[in-house]
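The sequence and the model are shown first, and the remarks are grouped by topic.

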Amino acid sequence: MGFPSPAKDFEEQSLSLDQLCNTRAPSVYLMRYAQGSQREYIKPNSVLVVDSALTPTSGSLVVVTIDGEFSVRRYVLAGGVVRLELLDEPTKGRISSDDALFEGDWPQFFGVITQTMAPH
């Protein structure tokens with residue numbers, strides 16, 4: 001029987017994607033974002049951690065499907081109106097729940113972006 005090494009307290013723990021991003025939760029997905037966003041400091045080909053169980057709050061970055069394609073938008077709630085804005089051009093391509101501003105099927109909400117990981 002001996003004494004534990006004093007260096008044991010300084011050993012580096014291994015990194016775990018599960019612990020950092022909670023990827024074992026069934027509602028968490030990893031998605032590659034080819035486009036990126038200069039305004040949001042998201043580099044092209046970054047990996048997004050998306051949680052489909054979260055409810056977005058005003059200002060959240062979200063993933064929605066529009067005409068069957070995934071799109072990253074900013075969720076904005078103002079005066080009871082929901083707007084989904086493009087990240088780098090918020091006034092262009094805006095989708096609003098106000099009928100005067102939006103025609104067609106409302107985009108399907110997929111999840112809230114909780115983290116971004118830049119490519120190496």
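**Nonpolar cores**

The largest nonpolar core consists of 10 residues, namely M31, Y33, I42, L48, V50, L61, V63, V72, L87 and I113. A nonpolar core is here a set of buried Ala, Val, Leu, Ile, Met, Phe, Trp, Tyr and Cys residues joined through side-chain atoms within 4.5 Å. Two or more residues of this core come from each of β1, β2 (46–51) and β3 (61–66). The model is predicted: local features need pLDDT of at least 70, side-chain atom pairs count only at pLDDT 80 or more, and totals for chains, interfaces and linings use all residues. Residues are numbered from 1 along each chain as its sequence is written, and side-chain values use heavy atoms, with hydrogens and water left out.

- Nonpolar side chains tend to be buried together in soluble globular proteins.
- Beyond its neighbours within four places in sequence, V50 is in contact (heavy atoms within 4.5 Å) with S27, V28, Y29, M31, V63, F110, G111, V112 and I113.

**Chain and surface**

- Of the 120 residues in the protein chain, 32% are buried; buried means under 20% relative accessible area, exposed over 50%, and partly exposed in between, with a 1.4 Å probe and protein chains only.
- The protein chain has an accessible surface of about 8,700 Å², and carbon and sulfur atoms account for 51% of this surface. Areas follow the Shrake-Rupley method with a 1.4 Å probe; for residues, only the protein chains shown count as cover.
- Among contacts between residues at least 6 apart in sequence, 44% link residues at least 24 apart.

**Largest pocket**

- The largest pocket holds about 210 Å³ of space. Its lining comprises 14 residues, of which Y33, Q35, F70, S71 and V72 are the closest to its centre.
- On a 1 Å grid over the protein atoms alone, a pocket is an open set of points where a 1.4 Å probe fits, with protein on both sides within 12 Å along at least five of seven lines; lining residues have an atom within 4 Å of a point. Grid points are joined across faces, edges and corners, and the volume is the space filled by probe spheres set on the points.
- β1 (28–33) and β4 (69–78) each contribute at least two lining residues.
- Eight nonpolar, three polar and three charged residues form the lining.

**Loop residues**

- S60 lies in the loop between β2 and β3 and is buried because its relative accessibility is 13%. Not counting residues up to four places away in sequence, S60 touches R73, R74, Y75 and V112.
- S60 and V76 are 16 residues apart in sequence, with a C-alpha to C-alpha distance of 7.5 Å.
- Y41, in the loop between β1 and β2, is exposed at a relative accessible area of 75%. Its C-alpha is 9.5 Å from that of T116, 75 residues away in sequence.

**Positive phi**

- Most residues other than glycine have a negative phi.
- N45, in the loop between β1 and β2, has a positive phi near 70° and is partly exposed at 37% relative accessibility.
- D67, in the loop between β3 and β4, has a positive phi of about 50° and is exposed at 79% relative accessibility.

Terms used. Helices (H or I, at least four residues) and strands (E, at least two) are DSSP runs, numbered from the N terminus. Ala, Val, Leu, Ile, Met, Phe, Trp, Tyr, Cys and Pro count as nonpolar, Asp, Glu, Lys and Arg as charged, and the others, Gly among them, as polar.
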